[in-house]
Amino acid sequence: MRTEEVRFYSHGAALAGTLLLPDDASAERPSAAVAQGPGWLGLRDAKLYRPYHEGLLAAGIAVLVFDYRGFGDSEGDATFLDPATQVEDWRNAVTYLTTRPEIDAARIGAFGSGGTGGGNAVMVAGHDPRIKATVSQVPIADGRDWLHRMRREHEWLEFLGRLEEDARRRVTTGSGECVAPRDGIMVPTPERRQTQIKSDVDTRVPAQVELASAEAIFAYRPIDVVGRIAPRALMLISVERDATTPEDHAAALYERAGAPKRLVIQTGTSHYAAYEQYRDVVNPLIVDWFRRYLVGGEVHVLERAAEAAEASVVHLSRPA
């Protein structure tokens, strides 16, 4: 493996990326590549991502993981969290990959994990035909529904009232309310408050963001573009009865998508525990998906969706 710290530009801001190349990748023998944007409040160097990268590299697939604008070592302002700008950053990461001689520009995939990370992978693939295969892990399909379901109904109505008042304040004073993103935009589950799985990056993400960021998330709907991905391949990974990214969001994306598609449902676990508990099961599925639909080149699907072997649902039970 070769590791290179790189920089590329997105809307004038220099973004920091880490390019991981298989040892034999060269201009004479360019490799397939996967572009990864982090998940909700994630950073490119999170230890959570390393097993995925190692699996892809072992399969001869390069990886570019990058920090969104304003995050980590990238330039820009992260006080307004807008998934649309993150999708733009991701598409510029794909363009950067096409400039590298070690990368086959015709064999680029997208991998995203965790809320908007999984949703962004769908958004990028839906908008960008250069993405030939996609894996979206624990995604959200509808940003407004995602934020609504974190709250009891009276809390939701109070939240909407705060947003309305904040909008009036912004237009009359020029500034609005700022909140902690983990419990001012999201509402963390008890599991999120206790888990240490993101402890290596938790202290390095923005402490305050504009409350108005919620309006950008309301407008965020991967469900509207997932149907554009086919006949390029899409695999979705969910957790049964997930309290953080609802299982039915992944199911709705799967139903709206065309073949080839696959839905993996991890059972007997929880949102954060699944990363470690099912890592040795799910990681090979991810690698196999990219090997099947990315390393081999462009996919042409002739089967009807109901009959295609690629259109499948896989249930994973708790490992013994």
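Helix axes here are lines fitted to C-alpha atoms over the stretch in contact. The model on screen is predicted.

**Stop 1: two helices**

Select helix 1, residues 50–58, and helix 12, residues 279–295. Their axes lie 9 Å apart and meet at an angle of about 45 degrees. That angle makes helix 1 oblique to helix 12. The crossing of the two helices is right-handed.

Now show the side chains. From helix 1, pick Pro51, Tyr52, Gly55 and Leu56. From helix 12, pick Arg279, Asn283, Ile286, Val287 and Phe290. These residues make the contact. Six of them are nonpolar, two are polar and one is charged.

**Stop 2: aromatic pairs**

The structure holds nine aromatic pairs. Tyrosine 52 sits in helix 1, while phenylalanine 111 belongs to strand 5, residues 103–115. The pair links parts of the chain 59 residues apart. Both tyrosine 52 and phenylalanine 111 are buried.

Next, select tryptophan 156 and phenylalanine 218. This pair is also tilted, at 5.6 Å centre to centre and 55 degrees between the planes. Tryptophan 156 lies in helix 5 (residues 153–173) and phenylalanine 218 in helix 9 (residues 213–218), so the pair ties together parts 62 residues apart in sequence. Tryptophan 156 is buried, at a relative accessible area of 4%. Phenylalanine 218 is buried too, at 16%.

**Stop 3: a ring cluster**

Finish with Phe8, Phe66, Tyr68, Trp90 and Tyr96. Ring pairs link these residues into a cluster.

Key:
Residues numbered from 1 in each chain as written. Predicted model: local features only at pLDDT ≥ 70, side-chain atom pairs only at ≥ 80, totals over all residues. Heavy atoms only, no water. Axes fitted to C-alpha atoms, helices over the stretch in contact; angles between N-to-C directions. Helix = DSSP H or I, 4+ residues; strand = E, 2+ residues; numbered from the N terminus. Parallel < 35°, antiparallel > 145°, perpendicular 65-115°, else oblique. Left-handed = near helix turned anticlockwise from the far one by under 90°. Contact = heavy atoms within 4.5 Å. Nonpolar A, V, L, I, M, F, W, Y, C, P; charged D, E, K, R; others polar. Phe/Tyr/Trp six-rings, centres within 6.5 Å; stacked < 30°, edge-to-face > 60°. Buried < 20%, exposed > 50% of the residue type's maximum accessible area, 1.4 Å probe, protein only.
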